[in-house]
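Here is a short briefing to read alongside the model. Have the sequence and the 3D view open as you go.

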Amino acid sequence: MIYLDNAATTKVSEEVFEAMKPYFCEQYANPSAIYSFAGKAMKAVEESRKSIADLIGAQSNEIYFTAGGSESDNWAVKSAAECCKAKGKHIITSTIEHHAVLHTCQYLEKQGYEVTYVNVDEHGVIRLDELEAAIRPDTILITVMAANNEIGTIQPLKEIGALAKKGGILFHTDAVQAYGHIPLDVDELGIDMLSASGHKFHGPKGIGFLYVRKGVRIGSFVHGGAQERSRRAGTLNVPGIVGIGAAACRAAASMQERQERETALRDHLIRRVLAEIPFSRLNGHGTDRLPGNANFCFRFIEGESLLILLDQQGICASSGSACTSGSLDPSHVLLAIGLPHEIAHGSLRLTLSEETTMEDIDHTVDVVKKIVERLRSMSPLYEDFIRQNRKKDEEA
Amino acid sequence: MYSEKVMDHFSNPRNVGEIENPSGVGTVGNAKCGDIMRMYLDIDENGVIQEAKFKTFGCGAAVATSSMATELVKGRTVRQALEVTNKAVMEALDGLPPEKVHCSLLAEEAIHAALWDYAEKNHITIDGLEKP
């Protein structure tokens, strides 16, 4: 099997798994308890919090553990809206956010908030001029993702952070795809809140965190206990917390090397696909993109068919086609970068990890080539296209 | 999520291709929605479908329903082909996930569109066939 869906989830690394193991059957204490048996668990939780904070230049007491990225996004956006409503009820976001942010914004619209969805350019980069123009005296929050989950485009966080600061507006970023993969420094980038998830960087599932800058008011999201300084009740998920901390440590130690290696593989993949498969295009920015992300569209074919045939060849990938989302519309991200529906339906996302090899990439390109050819041979759109071209040739 | 039959018809689709000078051809669906089916029929002078071919742009279910639809109409009379409804296609495939039922509707529409083209070319009316 070749696993190229690392934006969906990653394998828990052996080191991380080993670090977690003692916290199931041996150090199983509830860290909030008073006895010394609980002390070890609490110590492990606090060490993890520090590792996580270190990776983004934050303080330990600015990190709140959650059940994952979606919860962190929900919490950040809803809480900012709630806490700042005396100032105003206007939120700014982008058209290409993850649904954890978009649907939360839509929920808030029903509660009487106003949301401006700022457009992106053809590479998926937010239009800063539009963002600046959208700022109003009653704007309370700007929430823009660090890097897009589908097309990998990295957003100009520093510029957004500066605009937010100038306007005295909170800046939240969904860094679920970026944390642990590219350098992020909350002070340098002017980030007030940041969401991340463990399983996107070789940690376990079901654990994430929200960074909240000291001084930023945030309401509690889950009521019922004093955990996480009374902001997020619930017995701490100690093995998960240890796991995400170990993953953050690993990510910090290997980031540069991984970035270089994955970028080289990714660029090789992109070069080969664009050179060898006609009527294909790269979605997202050519260089300002996540090291492990490649996203293509192949004209005249549909993404789900491509995924099933890839699966039959032992390759795991994903697509922004409507059929994979359960709706009739293809990915909102691909539409936002200006692709027509019929082209957006034929997308393929391949996301690499540190374990991906050059052989994996070359084999995948060979297989994708054959499958695209096969699907085109049975596509009426391709048939029409060839006929029209023949006609044009004859006329010429 | 797909039945074995759907996977079989998707992986080894029957009757893919075109028919030159077909008795009837119909294209249904919309690239915007991600499904287009084109069905070609070769119908003899007795009104029996001798050959059925298809080309489809779409998901696994779209390909499988096209494939099954061509199998179901082959060797049938025009009248019998009209009885190949979306339900019949779905049953023959051992069912489809709820969000894919529209693919079977598309297959029925493709048969009707090809038959309509045949009727128009031959200046005949087929009872029970409505303009797609």
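This is a predicted model: local features need pLDDT of at least 70, side-chain atom pairs count only at pLDDT 80 or more; totals for chains, interfaces and linings use all residues.

With 13 C-beta neighbours inside 10 Å, Asn122(B) counts as partly exposed. (A residue is buried if 20 or more other C-beta atoms lie within 10 Å of its own, exposed if 12 or fewer, and partly exposed in between; C-beta atoms are placed from the backbone.) You'll find Asn122(B) in the segment after α5 of chain B.

Residues are numbered from 1 along each chain as its sequence is written, and chains are lettered from A and ligands numbered from 1 in the order in which they are written.

**The sheet of chain B**

- Chain B has an open sheet of 3 strands in the order β1-β2-β3, with antiparallel pairing. (Strands, E, of at least two residues and helices, H or I, of at least four are DSSP runs, numbered from the N terminus; two strands pair if DSSP finds at least two bridges between them.)
- β1 (24-30) and β3 (49-57) of chain B are at the edges with a single partner strand each, so one side of each has no neighbour in the sheet.
- Neighbouring strands here are turned by 15° against each other on average, direction ignored. (Axes are lines fitted to C-alpha atoms, for helices over the stretch in contact, and angles run from 0 to 180 degrees between N-to-C directions.)
- Strand β2 (residues 35-43) of chain B runs antiparallel to β3(B), and 8 bridges join them.
- Look for Ile43(B), which sits opposite Ile49(B) in β3(B).
- α2(B) lies across β2 and β3 of chain B, at about 175° to β3(B).
- Helix α5 (residues 101-121) of chain B packs on the sheet too, touching β1 and β2 of chain B, and its direction makes about 145° with that of β1(B).

**Where the chains meet**

- How many residues does each chain bring to the contact? Chain A gives 21 residues and chain B gives 19 residues. (Two residues are in contact if their C-beta atoms, placed from the backbone, lie within 7 Å.)
- On the chain A side, α11, α13 (341-344) and α15 (380-395) each supply at least two residues.
- The largest share of that side, 4 residues, comes from α11(A).
- In helix α1 (residues 4-11) of chain B, Val6(B), His9(B) and Phe10(B) are buried.
- Those three cover an arc of only 100° around the axis, so they are on the same side of α1(B). (The arc is that of the directions from the helix axis to the C-beta atoms.)
- The buried residues of α1(B) pack against α11 (303-312) of chain A together with α2 (60-73) of chain B.

**The seven-stranded sheet of chain A**

- An open sheet of 7 strands in chain A has the order β2-β8-β7-β6-β5-β3-β4, with mixed pairing.
- Its edges are β2 (63-66) and β4 (114-118) of chain A, each with a single partner strand, so one side of each is left without a neighbour in the sheet.
- Strands β3 (residues 90-94) and β5 (residues 139-143) of chain A pair in the parallel sense over 4 bridges.
- Across that pair, Ile91(A) stands opposite Leu141(A) in β5(A).
- Ser197(A) has its place in strand β7 of chain A.
- With 29 C-beta neighbours inside 10 Å, Ser197(A) counts as buried.
- Leaving aside neighbours within four places in sequence, Ser197(A) is in contact with Gly68(A), Gly69(A), Val176(A) and Gly208(A).

- β10(A) pairs with strand β12 (residues 347-351) of chain A in the antiparallel sense over 5 bridges.
- In that pairing, Phe296(A) stands opposite Leu348(A) in β12(A).
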